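Hi there,

Here is the structure I promised to pass on to you.

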Amino acid sequence: MKLLTLNFLTCARKTCKSTAAAFPLHPKDAELEQIEIDMNPLFVKNMLPRLEWEAMKTLTQELGLPALPAETPAPEELTTEDGEASQVLKDLHVLLMETSVASGKLVCGNCGHEYAVKEGIANFLLPSHMV
Amino acid sequence: MSPLAKEGEAYEQEHVHAVYEQIASHFSSTRYKPWPIIERFLRDRPNGAIGLDIGCGNGKYLSVNPNIYIVGSDRSTNLVGIASKHQPHSVVVSDILELPHADGIFDFAITIAVVHHLSTTERRVEAIRSVLATLKANAPALIYVWALEQDGSRRGWSEGGDQDVMVPWVMRGSKKAARQQDCVATTQTEDKVFHRYYHLYRRGELEEEILAAGGYVLDAGYEKDNWWAIAAKQPD
Ligand SMILES: C[S@@+](CC[C@H](N)C(=O)[O-])C[C@H]1O[C@@H](n2cnc3c(N)ncnc32)[C@H](O)[C@@H]1O
Ligand SMILES: [Zn+2]
């Protein structure tokens, strides 16, 4: 599961969803892998304003990955003067699109429930007593 | 959870989820062509839009429009495994009634042939409410369900008939495999039949459930054995 996905996930329990503590979910015992995918500069550019930047910064820090810039990069930082993809954009692609959680857990900061990630796929099914 | 809801859940576990898990790869191999109205809905999304495909199955709708990003989800781990090939999109295992997404953040959602697998009206309304909750104000959700009125189809359902049905899924045992395996050992090569539970929607029922879920209908229609509607959530 690529890092980008975590920007759009929270705890599946109704009582947690509206709490600030449930987002982002915290990776635990995470095995990371790099999955190469084609870079699409427009895709990354479109995604940036939709990212909860503080949450993404927390995640990269918790995973021991290279730090994100302090603020969301501005659109002009994403291209070089000759219109090529800038290093900032390339780094974001590697970090958000290619860096993936292969296995481990995602922990809710509100209720403490741990969701398993196996073979790159996170499972949010809740045992019925928790619904 | 109420006893009734628990019963509904256990029933669907046996007659829907366990079946999809077993037929996943065969089911997926028969699902590749997007339906026209769904394809158009996805193509019409603005560049950079971010949406959900709830009950995404093998993910055949994820790659229709390369300029949008979709987080797909399904209850079947096996189908999600297949859907995960559709980069750059994401997929997770989750239930439509307990989606792992914050409220009010997505630009659109689709849920195609999923809501009809819930076994009571209350659970179907709850499923629609759950989908609408993920959306921004006035953002559209496209919902498809099987119709009771399928006069043109070989299935033989029509107005006035039983709306809660078990639909067979036949996995053919391969003859070739049978011959080869004869010399090794006896292996299961007969046809295998699975039954999935469906609620067949009558005319107007999908719209009623959308209203009951606190939504309103932007557009609705019938396409080849299915009722569909585009819904949004009523502002609070
Ligand atoms: C008929 S298939 C449709 C798949 C896909 N949307 C398509 O159009 O090809 C129904 C799907 O709904 C999923 N499903 C059934 N009940 C569900 C639930 N409660 N939550 C999430 N997915 C569910 C099944 O696992 C299956 O993949
Ligand atoms: Zn929680």
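Below is what I found, starting with the interface and ending with one residue.

Please keep in mind that this is a predicted model.

Let's begin with where the two chains meet. On one side, 26 residues of chain A are in contact with 34 residues of chain B. Together the chains bury an area of about 2500 Å², and carbon and sulfur atoms account for 61% of that area.

What holds polar partners together here? Between chain A and chain B there are 12 residue pairs in polar contact, counting pairs with both residues at pLDDT 80 or more. The rule also finds one salt bridge across this interface. In that salt bridge, the side chain of A:R50 meets the side chain of B:D107, at 2.8 Å from N to O.

The side of chain A that touches chain B draws at least two residues from each of α1 (3-6), α2 (14-17), α3 (41-47) and β4 (121-122) of chain A. Of these, α3(A) gives the most, with three residues. Sorted by class, this side of chain A has 16 nonpolar, six polar and four charged residues.

One residue of chain B is worth a visit of its own. B:D95 sits in the loop between β3 (90-93) and β4 (108-112) of chain B. Is B:D95 buried or exposed? B:D95 counts as buried because its relative accessible area is 9%, under the 20% cut-off. Leaving aside residues up to four places away in sequence, B:D95 touches A:L125 and B:R75. With B:R75, the contact includes a polar one between the two side chains, at 2.7 Å.

Enjoy exploring!

Technical notes. Residues are numbered from 1 along each chain as its sequence is written. Chains are lettered from A and ligands numbered from 1 in the order in which they are written. This is a predicted model: local features need pLDDT of at least 70, side-chain atom pairs count only at pLDDT 80 or more; totals for chains, interfaces and linings use all residues. Side-chain values use heavy atoms; hydrogens and water are left out. Contact means heavy atoms within 4.5 Å. Buried area is the accessible area (1.4 Å probe) that two parts lose on being put together, summed over both. A salt bridge is a side-chain nitrogen of Lys or Arg within 4 Å of a carboxyl oxygen of Asp or Glu. A polar contact is a pair of N or O atoms within 3.5 Å; within protein, one must be able to donate a hydrogen and the other to accept it, and residues adjacent in sequence count only if both atoms are side-chain atoms. Helices (H or I, at least four residues) and strands (E, at least two) are DSSP runs, numbered from the N terminus. Ala, Val, Leu, Ile, Met, Phe, Trp, Tyr, Cys and Pro count as nonpolar, Asp, Glu, Lys and Arg as charged, and the others, Gly among them, as polar. Buried means under 20% relative accessible area, exposed over 50%, partly exposed in between (1.4 Å probe, protein chains only).
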